[in-house]
Structures are given as structure tokens and as C-alpha cells.
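Subject: Structure handover

Dear colleague,

Here is the structure you were to receive, with its sequence. My notes come after it.

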Amino acid sequence: MRFDVLTLFPELFDPFLRVGVTRRAYESRQVDVRLWQLRDFAEDNYRRVDDRPFGGGPGMVMLAAPLERALTSVKADRAQTHPGAPAIIHFSPTGRKLDQALVRELARGEGAVLLCGRYEGIDQRVLDRHVTMEISLGDFVLSGGELPALAMLDAVARLQEGVLNDAASHQQDSFSDGLLDCPHFSRPEVLTTAEGDLPVPPVLLSGHHAEIARWRREQSLAITLRRRPELIEAARRDGKLGKKDEAFLAALTGKPAGS
Ligand code: 9WO
């Protein structure tokens, strides 16, 4: 798959593409990320990409003309390797909230053009003409779309074949079954601190794989019920909760199972 990123700060991307479990996916071009400097599409000697907003007000707006030229170039270049109109994604709090279902959709796709805004935003005519999907990370404002683009790329890249150690890692993922992740522990078995000794939950040292799996499942159910009860409802609707899960939740909430 191929992602074309339009940004005023392409240098922000390189460090993230060179570390961690996703590095191979990028370096092998399994996830082919191409960075485009928007300023290269400015027309004047000052390489200007922003101007004051019509109607007045604070801040600057990203100029339509450089973006139009950039999008035309990127679309033509992309057509040489990927036929068909690409998704053009803009990162904005007004967009569809990124969740693991959307990440899975994007991970199955052919990639997209990622439009990273700066300043107060992009001339609306460009957005109206080109953008096919707006994606939000949540209800907060950033100074640019680069971090959301990197977050989305990372979430997509780690789902590619061969990125995680084994298929089981995906299964154990938080959200793979719509629940929050269970806690994790490693050495030492007992952590000594000024406030006392902190042992690992004994079941994890028992060697009983079925019991360990059950304990982890119950930890996930308990933390999800407490922090994100709406995810329990969704998992139930999606048929992702078994009899043992329901019995455990019933015991937690003090209600009879199935009520
Ligand atoms: C900012 C904004 C604020 C309130 C309501 C709607 C909004 N849209 C934008 C916007 O598109 N801003 C552009 C991209 C230009 C300024 C920096 N940008 C940005 C993206 N700020 N915050 C985001 C963002 C993107 C995804 N998830 C959370 C925040």
C-alpha cells in the first residue's frame, strides 16, 4: 500500500518511520510512505503557502493554489503505481473518530493521500474539492495534522503481515475483541520498593495456560466494565462475550447472569 503525505514538515516523519516494530514495513515499502513538501508547490519567490483570512480574524490560512498544484502532482504520480482514485484524508477534529475498526479498514486498503493542515486551517474550497475522508483522533486541537497522520500510519503499519511477532499478538491486542487490554508483568517476580514488596499475580507463575487465559480475560472484562462500559455493551451486541464472560460480569455487578 502507498501513502502520500502532503506536509510543511516532512522531516517530522522520518524518525518515526525508522524505529520499532513497524520499521521493516516502511523500509521494505510494504507500507510505502512518500513525503511531499507543500512549499515546493508555492509559486512566488518567497515560497509562500499561507495568507490572511478573508473576512479578517487572527492567524493565517493555507493557500488554495499551492495545495491544488500539489494534489494534482501527487494524484498523477500515484496513478503510475496505483490505478483508481485514492482516498484523500484530512485530519481534523470535525472528522470521523479513528478507532481500531477504521484502522483495520485502512490496513486492508491501497493507502491514501494524507493532507496535513497547519496554521488556522486549509482554504475550504480545497477541502470541498478533494477530501474524501476526515479523520479525528479526538476532541482536542493540535497545531497541525502531522501527529494524527503519524498515529494513523503507525496503527495501520503494525497490522501488516510480518510486523508483529506472531498472529497471536494481534489476537491479544487491546480492541482485537473490543475489550481493553489486560495488565502485563515481567521480571522480577517480586519488585522491591520503598513502599513495600510488589509481587506478580501468582496465577501468571502457575504454568496453567487455561487459567492464565481466563485470568487475563477477566482482567480485561473488569477494566473495560469500569472504564468503558459502553464497550462491554458493544461486545455483547457483537456476540463477543461467552457464557463464562457473562457469569464473571454478573458476579462483578452483583446481578444474576443474563439480566
Ligand atoms: C481545527 C479545528 C478546531 C475546531 C473545530 C474544527 C477544526 N478543524 C481544524 C483543522 O482542520 N485544523 C487544521 C489541522 C489546521 C490547523 C491544525 N490542524 C489540526 C488538526 N488541529 N487539530 C487537528 C486534529 C486532527 C485530528 N484529531 C485531533 C485534532
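The notes below cover the sheet, the helices on it, the ligand site and a few local features.

This is a predicted model, in which local features need pLDDT of at least 70 and side-chain atom pairs count only at pLDDT 80 or more, while totals for chains, interfaces and linings use all residues. Residues are numbered from 1 along each chain as its sequence is written, and side-chain values use heavy atoms, with hydrogens and water left out.

The sheet

An open sheet is built from five strands with parallel pairing, in the order β2-β1-β6-β5-β7. The edges are taken by β2 (32-37) and β7 (133-136); each has a single partner strand, so one side of each has no neighbour in the sheet. On average, neighbouring strands here are turned by 35° against each other, direction ignored. Strands (E, at least two residues) and helices (H or I, at least four) are DSSP runs numbered from the N terminus, and two strands pair if DSSP finds at least two bridges between them.

Within this sheet, β5 (residues 87-97) pairs with β6 (residues 111-115) in the parallel sense over four bridges. A87 is found opposite A112 in β6.

Helices on the sheet

Helix α4 (residues 100-108) packs on the sheet and touches β5 and β7, with its direction at about 175° to that of β5. Helix α3 (residues 64-79) lies across β1 (2-7), β2, β5 and β6, and runs at about 165° to β1. Contact here means heavy atoms within 4.5 Å. The axes are lines fitted to C-alpha atoms, for helices over the stretch in contact, and angles run from 0 to 180 degrees between N-to-C directions.

The ligand site

The ligand is surrounded by 20 residues, the closest being S92, Y119, L137, F140 and L142; a residue is counted if one of its heavy atoms lies within 4 Å. By type, the shell divides into nine nonpolar, nine polar and two charged residues. Here Ala, Val, Leu, Ile, Met, Phe, Trp, Tyr, Cys and Pro count as nonpolar, Asp, Glu, Lys and Arg as charged, and the others, Gly among them, as polar. Strand β5 gives the largest share of the shell, five residues; β5 and β7 each supply at least two.

Which atoms of L137 and L142 lie by a nitrogen atom of the ligand? For L137 it is a backbone N or O atom, at 2.8 Å, and for L142 a polar backbone atom, at 2.9 Å. In S92, an N or O atom of the side chain is 3.2 Å from a nitrogen atom of the ligand. The cut-off for such pairs of N or O atoms is within 3.5 Å. On its own the ligand has 580 Å² of accessible area, of which the protein covers 80% (Shrake-Rupley method, 1.4 Å probe).

Local features

Strands β8 (residues 190-193) and β9 (residues 196-199) pair in the antiparallel sense over four bridges, and a hairpin of two residues joins β8 to β9. L191 stands opposite L198 in β9.

The loop between α7 (167-172) and β8 holds P188, which is joined to R187 by a cis peptide bond with omega about 0°. R29, in the loop between α2 (23-27) and β2, has a positive phi near 70° although R29 is not a glycine.

Regards

Key: A polar contact is a pair of N or O atoms within 3.5 Å; within protein, one must be able to donate a hydrogen and the other to accept it, and residues adjacent in sequence count only if both atoms are side-chain atoms.
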